[in-house]
Amino acid sequence: MRLLSNLIYGLRSLFRKAAIESEMDEELRGFVDASTADKLHRGMTPDQAIRAARVEMGSANAVKHHIRSAAWETKVEIFWRDLCYGVRMLLRSPGFTAVAVLTLALGIGANTAIFQLLDAVRLRSLPVRNPGELTLVHLADLQGWRGHQDTAYPALTNPLWEFVRDHQHVFSQVLAWSPTNLGITVGDHQRLVQGLWVSGDFFNVLGVRPALGRLFTSSDDRPGCGASGVVVSYTFWQSQLGGNPQAIGSTLTVGGHAVPILGVTPNGFTGPEVGHSFDVAAPICSQSAYWTEGNWLDSSTDWWLTVMGRLQPGGSLSMANAGLESLSPAAFAASLRKDYPAENLRDYLHFRLVADPAPGGVSWLRDKYESPLWMLLGLAGFVLLIACANLANLMLARGSARVREFAVRLSLGATKGRLICQLLWESFPLLLLGAASGLLLAGALGKSLIALLSTQGDSLFVDLHPDWRVLGFTAMLATFTALLFGLIPAFRATRLAPSEAMKSGSPRAGGMRESNRLRRGLVITQVALSLVLVTGAVLFARTLANLLTVDAGFREDNILITSLDLSQLDIPVARRLAVKKEIVDRLHDVPGVEAASQVGIVPLSGSSTSNRVWAEGEDRQSGFDPNFNWTGNGYFKTLGTPILAGRDFDQHDTPNSPMVAMVNQEFARRLGKGANPVGLRIRREAAPHEPETVFEIVGLVKNSKYRDLREQFVPIVYLASSQDQDPNPFEQVMLHSALPLPILTSRIKLAIAGKSPQISVDFRVFKTQIRDSLLSERLMAALSGFLGILAALLTAVGLYGVISFLVTQRTHEIGIRMALGAGKRQVLSSILRETLMLTLLGIGVGLPITFSVTRLIASMLFGIKPSDPVAFALAALALCGVGLAAAYIPARRAAAVDPMTALRCE
Amino acid sequence: MGQRDVVQGTLEMLILKTLALEPIHGYGVATRIEQVSQGVFRVNPGSLLPALARMERAGNVKSEWRASENNRRAKYYALTARGRKALSQEAATWNRQVSAIARIMEA
């Protein structure tokens with residue numbers, strides 16, 4: 001009640017200021033009158049009485065001030081007044097305001113944008129029930145692992161998953177899922193959408209409630225369910241089904257089957273994978289129905305299900321791991337199916353399951369980009385510091401102009417605290433404007449960051465809406481900035497002893513020298529931080545350049561990858577090779593195509609496979625594990641990889657002729673039988689669907705990159721596609737052609753349709769795929785370059801400000817020197833020399849910082865060491881250049897000083 | 001601290017006690033404190049009036065403009081119920097403190 005009445009009283013006083021003021025005057029007057037009357041009564045003369053009463057009262061204004069300060073509303077008034085003054089000052093100097101707001105906006109915006117992405121990717125948990133309880137279950141180590149991994153995340157096979165689901169007592173609940181692509185037919189038009197295989201209990205375990213209809217239960221995921229219903233995501237329902245509530249129960253054609261839509265997931269749930277959303281979810285048991293080729297439900301060599309478990313209430317990770325440890329032998333023994341290679345059984349049975357915490361779900365985006373993003377955040381932080389230094393300098397300049405005003409007020413009784421408070425409040429509007437524009441900028445920057453990270457065929461979906469963490473971060477940043485650039489000048493401005501400040505003449509006393517030192521110190525810090533940023537930018541740019549020009553061993557330009565799906569044609573296995581050959585020949589005959597050939601694994605696509613190989617006649621132990629690929633004849637010609645010895649595959653190599661292989665130089669080196677292994681025979685261990693086989697090496701090719709541009713050359717064995725014992729109805733063909741893309745693709749589609757219109761065709765440009773694989777390097781080069789340029793610009797502005805101020809200060813001195821005979825050029829060069837000194841000092845301070853920072857990014861670099869002297873020299877040179885350019889105008893001004901004018905004015 | 005200032009922290013208590021007798025204006029409070037303390041304490045308006053304003057904000061006293069004894073307008077302060085309670089609390093605390101000091105000084 002007291003608070004409330006105080007509040008009301010205060011509010012009323014705010015609106016009755018004049019009345020309150022006159023009341024106070026009246027009360028004080030009344031006091032003095034009563035006191036005077038009393039003294040008269042006691043025998044003083046009227047004059048003495050009045051004087052004594054007045055002396056007792058003291059300064060009426062001071063008393064009124066004390067009375068007022070008992071009330072809270074004065075503080076509000078003062079705060080409001082300071083704020084208005086700040087706004088007026090900003091409006092009066094629009095140039096300063098524009099520069100300051102822009103500086104702040106860039107600094108805060110860059111930091112917030114990067115933090116937003118980090119927050120969405122790293123710091124947020126999944127929008128599910130108790131995400132902290134979720135763990136990821138996977139193999140402890142992959143020694144001797146065989147098979148085919150379908151997803152980027154750790155995965156188990158379906159038999160393994162089913163055993164864990166049915167027999168585990170370790171977790172309170174478990175779930176499994178796998179991302180996939182599903183073909184949706186809309187009209188007569190087929191589209192690929194993002195699909196998700198999920199276990200029956202998936203939504204229940206995550207605590208996701210349907211927005212419409214119902215979601216899966218465990219009875220939806222039973223053996224032999226076939227193509228039963230599907231669940232769609234909220235965004236899919238809105239965009240593809242028009243948000244129509246009648247969509248529940250209607251059918252959707254998925255993979256050629258008409259299935260009912262059972263329900264819609266809630267808005268905001270985008271699946272367990274951060275960075276990707278899903279459109280359609282189907283139960284795991286229906287995998288065999290939608291995919292005509294390849295039933296993974298009963299396979300021990302198809303690892304495709306990501307399994308997660310919820311810890312027991314009160315349970316811990318170590319308890320869960322102990323439970324998994326004891327469950328493992330039974331799990332692997334029971335999950336073994338016929339297709340697992342016999343040679344690797346022992347390794348299989350020794351596998352162990354292990355669990356890791358996964359409250360944020362899984363994210364390829366996070367795994368790949370987390371460290372670059374943190375590094376970028378650090379760099380952006382440096383930029384913000386540089387921006388703050390600029391603002392501090394600007395405020396210092398402003399503050400020094402008001403030194404007199406503060407001196408007067410200090411001597412009149414104002415406290416330092418009050419003045420500093422006022423200065424801080426005055427900078428508040430600037431801060432608010434800057435932070436607001438920074439937030440806006442961050443929104444736009446964040447979106448372009450996401451666009452940068454999306455690649456062809458893999459569009460990124462990250463929920464960037466600002467949550468409390470981001471807003472809190474921005475607020476913290478803004479406060480920190482304000483304190484940095486507001487407090488120091490405030491302290492400086494009020495430090496001067498009033499008597500010093502009041503001396504006549506412009507303030508050129510000793511206090512100024514200290515302020516100069518502070519200014520120079522700030523600029524030196526700016527240069528030092530800029531050195532870090534510019535060096536980083538140079539290093540990342542060189543890394544990207546190195547990767548773009550590295551010799552990959554094949555040509556990258558003018559290559560098109562065509563993916564063909566022949567499954568609709570229902571070709572019997574025996575005829576498939578012939579049909580595929582016919583299609584490749586057709587493609588070869590397309591006018592404008594110079595060469596075409598099949599390939600099993602496109603280089604640098606991220607896929608890989610390997611197996612054990614040893615020389616014929618020796619034993620398995622002496623061998624090693626090269627990578628494998630399957631190629632048609634003409635592959636090396638298509639990709640421009642020279643055949644160094646022997647021959648390429650040709651029409652004589654059929655499934656019935658002796659098995660042949662080609663190898664690269666690195667393989668020959670590892671085999672250790674001389675530089676030219678053509679003619680030698682090698683044994684390959686049994687693969688999931690093939691027995692142990694002997695191959696004769698018929699050709700030797702130059703080394704080429706297999707999976708990653710950064711790798712050292714690995715040994716590769718190429719097998720003939722034409723000798724494929726078990727061909728599937730899919731094919732990838734790489735074509736070399738100089739035709740423009742639209743013409744090429746339309747001609748290819750024509751040629752394929754000529755064979756049969758039921759073959760679906762998909763295109764990817766090889767060069768774009770390679771560029772996409774360099775995504776994180778491109779990201780770092782682009783962003784660090786942007787930040788480096790920003791830093792250099794801000795430092796230039798800072799240097800300009802400081803040198804400008806110095807010149808103004810020294811106008812008098814320059815005038816004297818010129819009067820005594822100094823020439824314009826001497827003055828110019830002395831100013832430039834001083835600037836260079838400042839810059840060099842900054843570079844000197846920045847060198848050790850740069851050394852330590854660049855050590856942190858060593859793992860991200862390629863072909864260049866973090867302490868590369870050329871990079872450092874370039875950065876230093878660039879900064880010197882920037883400094884000289886910034887000082888040029890003030891230096892010219894100094895040289896243009898007219899001695900007479902300079903000596904005349906004070 | 002001047003020679004005749006009240007003991008630190010007791011001003012509000014003394015004002016409350018003064019007002020407990022009857023409502024009075026600011027000058028009246030100052031006069032009464034000086035008289036009853038027989039000249040030991042003397043409160044100047046620079047401390048008294050702000051103290052009164054504070055106490056009014058705290059809800060311990062209330063004020064109204066009335067005609068004074070010589071027929072001029074003056075601001076009269078009076079205790080509120082809350083103020084009475086505050087007075088008894090502060091008086092109790094003060095008495096406790098004084099007895100303790102006395103015990104120590106006589107030991």
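This note sets out numbered points on a predicted model with chains A and B.

1. Domain layout of chain A. The chain is divided into five parts: domain 1 (2–70), domain 2 (74–124 + 369–503), domain 3 (131–359), domain 4 (509–546 + 771–906) and domain 5 (567–758). Domain 2 and domain 4 are each given as two segments of the chain. Between the C-alpha centres of domain 1 and domain 5 of chain A there is a separation of 101 Å.

2. Helices 2 and 3 of chain A. Two packed helices are described by the angle between their axes and the distance between the axes. For helix 2 (residues 17–42) and helix 3 (residues 46–57) of chain A, the axes come within 8 Å and the crossing angle is roughly 135°. Helix 2 of chain A is therefore oblique to helix 3 of chain A, an angle over 145 degrees being needed for the pair to count as roughly antiparallel. The crossing of helix 2 of chain A past helix 3 of chain A is right-handed.

3. Residues of that helix pair. Helix 2 of chain A contributes A:Leu28, A:Phe31, A:Val32, A:Ser35, A:Thr36, A:Lys39 and A:Leu40. From helix 3 of chain A they are met by A:Pro46, A:Ala49, A:Ile50, A:Ala52, A:Ala53, A:Arg54, A:Glu56 and A:Met57. By class, the residues of the contact of helix 2 with helix 3 of chain A are 10 nonpolar, 2 polar and 3 charged.

4. Chain B as a fold. Chain B contains 4 helices and 3 strands, and from the N terminus its elements follow the order α-β-α-α-β-β-α. The C-alpha trace of chain B spans about 55 × 30 × 20 Å along its principal axes. Of the 107 residues in chain B, 29% are buried. Where contacts in chain B join residues at least 6 apart in sequence, 51% of them link residues at least 24 apart.

5. The contact of chain B with chain A. Chain A gives 19 residues to the contact and chain B gives 16. On the side of chain B that touches chain A, two or more residues come from each of helix 2 (26–36), helix 3 (45–58) and strand 3 (73–79) of chain B. Helix 3 of chain B gives the most to this side, with 8 residues. The residues on the side of chain B that touches chain A comprise 7 nonpolar, 4 polar and 5 charged.

6. A helix pair across the two chains. Helix 4 (residues 60–69) of chain A packs with helix 3 of chain B at an angle of about 25°, the axes being 8 Å apart. Helix 4 of chain A is therefore roughly parallel to helix 3 of chain B, since angles under 35 degrees count as such. Here too the crossing is described as right-handed, with helix 4 of chain A passing helix 3 of chain B. A:Ala62, A:Val63, A:His66 and A:Ile67 in helix 4 of chain A meet B:Pro45, B:Gly46, B:Leu49, B:Pro50 and B:Ala53 in helix 3 of chain B. The contact of helix 4 of chain A with helix 3 of chain B holds 7 nonpolar and 2 polar residues, and no charged ones.

7. The setting of A:Trp177. A:Trp177 lies in strand 3 (residues 171–186) of chain A. A:Trp177 is buried because 26 other C-beta atoms lie within 10 Å, against a cut-off of 20 or more. Leaving aside residues up to four places away in sequence, A:Trp177 touches A:Leu196, A:Trp197, A:Val198, A:Ser199, A:Phe202, A:Pro272 and A:Thr306. A:Trp177 and A:Met308 are 131 residues apart in sequence, yet 8.6 Å separates them in space, C-alpha to C-alpha.

8. The setting of A:Lys368. A:Lys368 belongs to helix 13 (residues 364–401) of chain A. Because A:Lys368 has 16 C-beta neighbours inside 10 Å, A:Lys368 counts as partly exposed. A:Lys368 and A:Ser776 are 8.0 Å apart in space, C-alpha to C-alpha, and 408 residues apart in sequence.

9. Two positive phi values. A:Asn558, a residue other than glycine, has a positive phi near 60°. A:Asn558 sits in the loop between helix 19 (510–549) and strand 13 (559–565) of chain A, and is partly exposed, with 17 other C-beta atoms within 10 Å. A:Leu604, also not a glycine, has a positive phi of about 65°. The loop that holds A:Leu604 runs between strand 14 (593–598) and strand 15 (613–615) of chain A. A:Leu604 counts as buried, with 22 C-beta neighbours inside 10 Å.

Terms used: Residues are numbered from 1 along each chain as its sequence is written. Chains are lettered from A and ligands numbered from 1 in the order in which they are written. This is a predicted model: local features need pLDDT of at least 70, side-chain atom pairs count only at pLDDT 80 or more; totals for chains, interfaces and linings use all residues. Domain bounds come from an automatic or database domain assignment. A residue is buried if 20 or more other C-beta atoms lie within 10 Å of its own, exposed if 12 or fewer, and partly exposed in between; C-beta atoms are placed from the backbone. Two residues are in contact if their C-beta atoms, placed from the backbone, lie within 7 Å. Ala, Val, Leu, Ile, Met, Phe, Trp, Tyr, Cys and Pro count as nonpolar, Asp, Glu, Lys and Arg as charged, and the others, Gly among them, as polar. Axes are lines fitted to C-alpha atoms, for helices over the stretch in contact, and angles run from 0 to 180 degrees between N-to-C directions. Angles under 35 degrees count as roughly parallel, over 145 as roughly antiparallel, 65 to 115 as roughly perpendicular and the rest as oblique. A crossing is left-handed if the near helix is turned anticlockwise from the far one by less than a right angle, and right-handed if clockwise.
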